[in-house]
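Hi,

Here is the model I promised to pass on.

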Amino acid sequence: MTPPQPLATVIQGSLSRGLEARLNPGVSVEDLRVGKFVVIQGQRNRFFGLLTDVTLETSNPQILVNPPRPEETLLQEVLAGTGTYGIIALTPMLMLVPRQTEGERLYPLVNPERPEALAAPLGQEPPSAGAMELLPVKTVPAHFSQVYEARELDFRTVFGWEDDPERRNFAIGQPLDMAVPICLDLDRWVERSNGIFGKSGTGKSFLARLILAGIIRKRAAVNLIFDMHSEYGWEAASEDKHASTVKGLRQLFPGQVQIYTLDPDSTRRRGVRDAQELFIAYNQIEVEDLALLAEELNLSEASLENAIILRNEFGRDWIGRLLSLSNTEIQEFCEQKMGNKASMMALQRKLTRLDNLKYIRSTLPHNYIGQILDALSRGIHVVIEFGSQSNLLSYMLAANVITRRIHQAYVHQTERYLQSKNPLDRPRQLCITIEEAHRFLNPRAAKQTIFGTIAREMRKYFVTLLVVDQRPSSIDSEVMSQLGTRITALLNDDQDIEAVFTGVAGSQNLKTVLAKLDSKQQALLLGHAVPMPVVVQTRSYDQRFYAEIADPDWSQAEDAEVLLAAQQAKSELGL
Ligand SMILES: Nc1ncnc2c1ncn2[C@@H]1O[C@H](COP(=O)(O)OP(=O)(O)OP(=O)(O)O)[C@@H](O)[C@H]1O
Ligand SMILES: [Mg+2]
C-alpha cells in the first residue's frame, strides 16, 4: 500500500479559533471541500477534525496587482505553491491517543512489549481501531504538523463499527464523501430521550424505523411505538421508484414484535395477520388526559375544574357517571358539590365526542394495557396502530392514557428494584416512540402530559422517549435541552434550526451545515450517542438492509416473500 500523502501543513491557529494549514505543493484547493474529515498527526497525538473553510492566499501583494495573464501558464505554475497557495481552516474535534493500560497510566513509561502504546509516527496507521482512545480536544498539534485525509481506520476509531463485540453499535449511515459506516452507540442512545427532526418528507419516519430495527436487533431496549400513520409495524409506503412499500418491524422480526390495533378493520384490510385488538375504557381516562385535549375538545378551564369535582366525587368511573346524568341530576349535583351547571353540561356534551372513537368502551372486562405491559416485560416490542383513528384527538388520548399507566408500572418496579437490588427486578429499559411529538411536548402540554414528565426525569425510571417531529421550535425548550442525541434532517425555518441546537455550544458552523442538507436521506447527528457531530447519508431502508438486520432465524419467518427477498439479497451480498 502506498503511504498516505499529507495534504497540508499546520502553520498557525489556536484552540478556540481553530487551525490554519497551508496546502502542500501539488494539492489543489478544489479537491478540498468544507465538511471533509481530516487527521492531523501531532508529535504525540492524532487529532480528528473537520475542514471548515478554504482560502486563497499570496505571499506578495505585487502578484495581486499584476497577476499572470491567462496565457502565461508557465508563470502560473512557477508561482503556484510559493507565490500563491491555499489555506484551509480546520476545527479539531477529538484527540486520538493510544489506549493505555492501568499500569501505563500510573507509570507513564513506554512499555517495550507494547510498541503500539507509542504515538504512531507521521502518517502511519494506528495498529487497530480499538487501540486508540477518544478524548476531547484540550490542546493543538505542534507547528508544521501534517494534515491527512481521514481514512477508513480513522473513521472506525472514531465512529466505531457495527460488529464491535464490546459495544452495541448500529451503522446509521455514511459520511457524505466516503463509504465507511458511522455508528450510533445504542447503549448510550437508549440511556436518554432522543429526537429526530426535519421537515415533512425528509425521511424522519424512515430514520426512526432504521434505529428501532437496530435497537431490536442488538437488544438494547424494548420499544413501545405509537404508530400514528401505520408505518412502523407492517408495510409502509415509500416514494422510491423501485419499491412502492417497505417492510415494517413485525415483518423483519416476526417473533419479537407484536402489533396492537385501535382500528382492527383497517389493520385487517392492510393484510396484517394476528394483530391484537386494544380498547380503552372511560375509567382509564384521567382529568389530566382531558387537560391535554382541552384544545381538541374545546374545553374551558371551568369545565376542567368541574371535571375534578366529578372525579373527587365518583372516583375512576366519573366519565361514565357524568354521561349518564340527566339535566336535573346535574343541577342537584352542582348545588350539593359547588359545581357550575353550565360548565358541567358543556363538559358532558363535549365528552360525548369520545363515544365516536372506535376503541372507547364504557367498561372493559379485560385489562388490555396490562397485556401490553406484560409483553414489554418479556422483551416483546409493541407497535400500536391507529388505522383510521389517527386524528389528533384519538392519537393523543390513547398515547397519553397508555403511557401514563406504563410509566406508573415502571415507577413501581424501579422502586422495588432499588429496594431489593436484585438484578432480576431491574426493569427492562423502555423506549417510547411518538410522532407529532410537539403536540405532547409544547410548553403548555409538557407541564401536564406524562411525556413531559418522562423527558424531564430522564432515565431515572428506565423509560426514555424517541420524539419524531417536524416542528422542533414548538417543543418546550426545557425538554429540547434534555434530549441526549438529536438527528436532524433538512430544516428551513430559522426558529426550528435554532431549537435543534438548544443547549449546544458553538453551533454556528453546524447551523450552516443543516441548512445545506439534501432534502432527503441526509441528516446531522449530534449528541450523546456519537463522539462528535457528523453529517451522514442515511443508510437505505431496503432489501439489503432487511438482509443485514432482520432476524437471522429465517425459518421463523411467516412471510414467504420477505424470506425469499432476504435470501436473494444475502446471496447477492455473498453473506
Ligand atoms: N433511509 C431511507 N431509505 C430509503 N428511502 C428513504 C430513506 N429516507 C427517506 N426515504 C424516502 O423518503 C421518503 C420520505 O420519508 P419519510 O416518510 O420518512 O418522511 P418524513 O420525514 O417522516 O415525512 P412526514 O413528516 O411527512 O411524515 C420515503 O417515502 C422514502 O421514499
Ligand atoms: Mg413521517
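**The ligand site**

Let's start at Thr202: a backbone N or O atom of this residue lies 3.3 Å from an oxygen atom of ligand 1. That makes a polar contact, meaning a pair of N or O atoms within 3.5 Å (inside the protein, one must be able to donate a hydrogen and the other to accept it, and sequence-adjacent residues count only if both atoms are side-chain atoms). On the nitrogen side, a backbone N or O atom of Arg539 sits 2.9 Å from a nitrogen atom of ligand 1. On its own, ligand 1 would expose 630 Å², and the protein buries 86% of that (Shrake-Rupley areas with a 1.4 Å probe; for residues, only the protein chains shown count as cover).

Before you go further: this is a predicted model, in which local features need pLDDT of at least 70 and side-chain atom pairs count only at pLDDT 80 or more, while totals for chains, interfaces and linings use all residues. Residues are numbered from 1 along each chain as its sequence is written, chains are lettered from A and ligands numbered from 1 in the order in which they are written, and side-chain values use heavy atoms, leaving out hydrogens and water.

There are 18 residues around ligand 1, and Ser200, Gly201, Lys204, Ser205 and Arg539 come nearest; a residue belongs here if one of its heavy atoms lies within 4 Å. Helix 6 (residues 204-218) supplies three residues, the most of any contributor to this shell. Helices (H or I, at least four residues) and strands (E, at least two) are DSSP runs, numbered from the N terminus. By type, the shell splits into ten polar, six charged and two nonpolar residues.

**The chain as a whole**

The protein chain has 24 helices and 23 strands. Of its 575 residues, 51% are buried, which is to say under 20% relative accessible area; exposed is over 50%, and partly exposed is in between (1.4 Å probe, protein chains only). The chain exposes about 27,200 Å², with carbon and sulfur atoms supplying 49% of it. Among contacts (heavy atoms within 4.5 Å) with a separation of 6 or more, 72% link residues 24 or more positions apart.

**Some buried spots**

Which residues of helix 4 (residues 152-159) are buried? They are Asp154, Phe155, Thr157, Val158 and Phe159. These lie on the same side of helix 4 because they cover an arc of only 165 degrees around the axis, taken from the directions from the helix axis to the C-beta atoms.

Pro175 is in strand 8 (residues 169-175) and is buried at 2% relative accessibility. Its C-alpha is 9.5 Å from that of Gln522, 347 residues away along the chain.

Leu224, in strand 11 (residues 222-227), is buried at 0%. Beyond four places in sequence, Leu224 touches a list of residues including Ile372, Leu376, Ile406 and Cys431.

Gln348 belongs to helix 14 (residues 341-351) and is buried too, at 13%. The side chain of Gln348 reaches the backbone oxygen of Leu325 at 2.9 Å. Apart from neighbours within four places, Gln348 contacts Leu322, Leu323, Leu325 and Ile330.

**Two loops to check**

Phe144 has a positive phi near 65 degrees despite not being a glycine. Phe144 is in the loop between strand 6 (132-136) and strand 7 (146-149), and is exposed at 56%. Gln521 is another non-glycine with positive phi, near 60 degrees. Gln521 sits in the loop between helix 22 (508-515) and strand 22 (522-527) and is partly exposed, at 32%.

Cheers

Methods
Ala, Val, Leu, Ile, Met, Phe, Trp, Tyr, Cys and Pro count as nonpolar, Asp, Glu, Lys and Arg as charged, and the others, Gly among them, as polar.
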